[in-house]
Amino acid sequence: MTVQKYNQADQTGHRPLTADPSNPDTIAAISTPQGAGGISVVRISGPDALATGKALFEPQAKSPDWEPKPRFMHLGFALEYNSGERLDQVLLTFFPGPASYTTEDVVEIHCHGGSALAKRILEQTLNLNCRVARAGEFTLRAYLGGRIDLSQAEAISDLISSNTQAEARIALSVLQGKMGHDLDYIRNSLINCAAEIEASIDFDDDVTGIDHSNLAFMLESSVLKPLNVLIKNRNKWLPYRDGIRLSLCGKPNAGKSSLFNAILGYERAIVSNLPGTTRDSLEEACIISGITCRFADTAGLGTPQDEVEAEGIKRAYSQVEASDLTILVLDRSQPLTDMDRHILQKTRNTKRIIAVSKCDLTPAWDLDVLRETNSPITKISSKTLLGFDKFLDKLTELITNGQPEPVPGQTVVNQRHADCLNAANLQVAKALNIIRNHGASYEELISLHLEEALHFLSQIDGQVLDDQVIDAVFSNFCVGK
Ligand SMILES: Nc1nc2c(c(=O)[nH]1)N(C=O)[C@@H](CNc1ccc(C(=O)N[C@@H](CCC(=O)O)C(=O)O)cc1)CN2
Ligand SMILES: Nc1nc2c(ncn2[C@@H]2O[C@H](COP(=O)(O)OP(=O)(O)OP(=O)(O)O)[C@@H](O)[C@H]2O)c(=O)[nH]1
Ligand SMILES: [Mg+2]
């Protein structure tokens, strides 16, 4: 995809009123989810949005010179383009650009829900010079039109996919420009430092010379420090932003699926007293303490009896590897086996909790054997739910790292931002190193590192247009957004 910035605000913050100089396509899509619901919305954006909306709409209060009043809802009928047949009773709203979501002319048609009506209306727009919007294209236009920056576009995508209050809060904070504000501060400090260096390059060393210790101090306190706060906050709140992955593992018949079901609160997995009941990995998510937890129940680890079981075991190991936290299930009603010891050994360096299962039955081994495992251990019975609350408490502690939910306004950057921040951090650190070790002699090199740092920071909010970055960001969107 090639992108081109258009309809951008000029220096006074004014956007040109004409939709755009390069005349993009008018796009249309259903912006509400597929399936049953009260209302569906067809959204149209671009130079022909108004003409399209008017051609498909018969207002209730019909008059020959009817025009939609901007930003008002009008009641009427959506029409079939060729026959003029009424398709549905709808509400139409016209948002003239640039004061619209995309900064272009936008028309929304709110029809009745269900999958057929909105599809029919969308089809009519395609007869009228519109094309179906690509995933994220409305928001892409909002970005290209200068309404939002790239990180805000990502925040919109995060808002849509948020499952928890914390996820939504974090995204809303970015959408409201909190991160942009932090970035501006860091960038301005960096620009000031770079300007000082640039100026000194133009002078004779003997004449001026810049105050290197002051420059180092500035870089340290107004660039590196706030930059590191953003990185540190990500690590601190990450589970609240991205959720975490957990896997249940153990030998066949240990009670993994029973525990999986007890956590989820319903009989998701088949449970039986036949070892090898779970063959494939089962994944299910639930929210624990405000964090999205994606659990994987896995096949029991043992010597496979057949090809299918072997594949299941392979998948079980991959799940353990891919998870942030492993719940190792050890059956207390049967003697510990070599396999139990093997799994204990194999997961010793992963973040894990040991669930000693079937505690309602007579124990067959002493908990003392787990003395040196260095992992939290809890006794549970998935049958009587004995010890289950304690297990959940310990699990919660591990999931949250003891960190409470982020407060509103808390910025937690995503992986892409973190990569840019780390890259910028490295460049500034290099510049600082040169300043400290070589003082005045390498100003060009210092300047180069600071320029690089600026470049990375500008990739975060998309001040630097990079097709690949933009493609990557918008490819995660859904159609209609
Ligand atoms: N029906 C509907 N609901 C929606 C959206 C939408 O596009 N349509 N949104 C989007 O997907 C979100 C709201 N986001 C929006 C952000 C800015 C503008 C807008 O037109 N801003 C103008 C005018 C501001 C004003 O009225 O004061 C501007 O800032 O210039 C519209 C929606 C969520 N709800
Ligand atoms: N008494 C008692 N029985 C349990 C408990 N947890 C599981 N069981 C029984 O142990 C057997 C195996 O349980 P599952 O949950 O299917 O074990 P699994 O680890 O998923 O087994 P595979 O999928 O074969 O690897 C079943 O008969 C369960 O009813 C428990 O806490 N107490
Ligand atoms: Mg199972």
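Is Glu67 buried, partly exposed or exposed? Glu67 counts as partly exposed, at 45% relative accessibility; buried means under 20% relative accessible area, exposed over 50%, and partly exposed in between (1.4 Å probe, protein chains only). This is a predicted model, in which local features need pLDDT of at least 70, side-chain atom pairs count only at pLDDT 80 or more, and totals for chains, interfaces and linings use all residues. Residues are numbered from 1 along each chain as its sequence is written, chains are lettered from A and ligands numbered from 1 in the order in which they are written, and side-chain values use heavy atoms, with hydrogens and water left out.

Next, select Lys54 together with Glu67. The two form a salt bridge, with their closest N and O atoms 2.6 Å apart; the term denotes a side-chain nitrogen of Lys or Arg within 4 Å of a carboxyl oxygen of Asp or Glu. Glu67 lies in the loop between strand 3 (57–59) and strand 4 (73–79) and Lys54 in helix 1 (residues 49–55), so the pair ties together parts 13 residues apart in sequence. Helices (H or I, at least four residues) and strands (E, at least two) are DSSP runs, numbered from the N terminus. Lys54 is partly exposed, at 32%.

Now select Arg416 and Glu154. Their side chains meet in a salt bridge of 2.8 Å, N to O. Arg416 belongs to helix 12 (residues 415–438) and Glu154 to helix 4 (residues 150–161), so this pair links parts 262 residues apart in sequence. Both residues, Arg416 and Glu154, are buried.

Finally, select Asp25, Glu104, Arg131, Arg134, Glu137 and Arg141, which salt bridges with shared partners join into one network. Within this selection, Arg134 and Glu137 pair at 3.4 Å, N to O.
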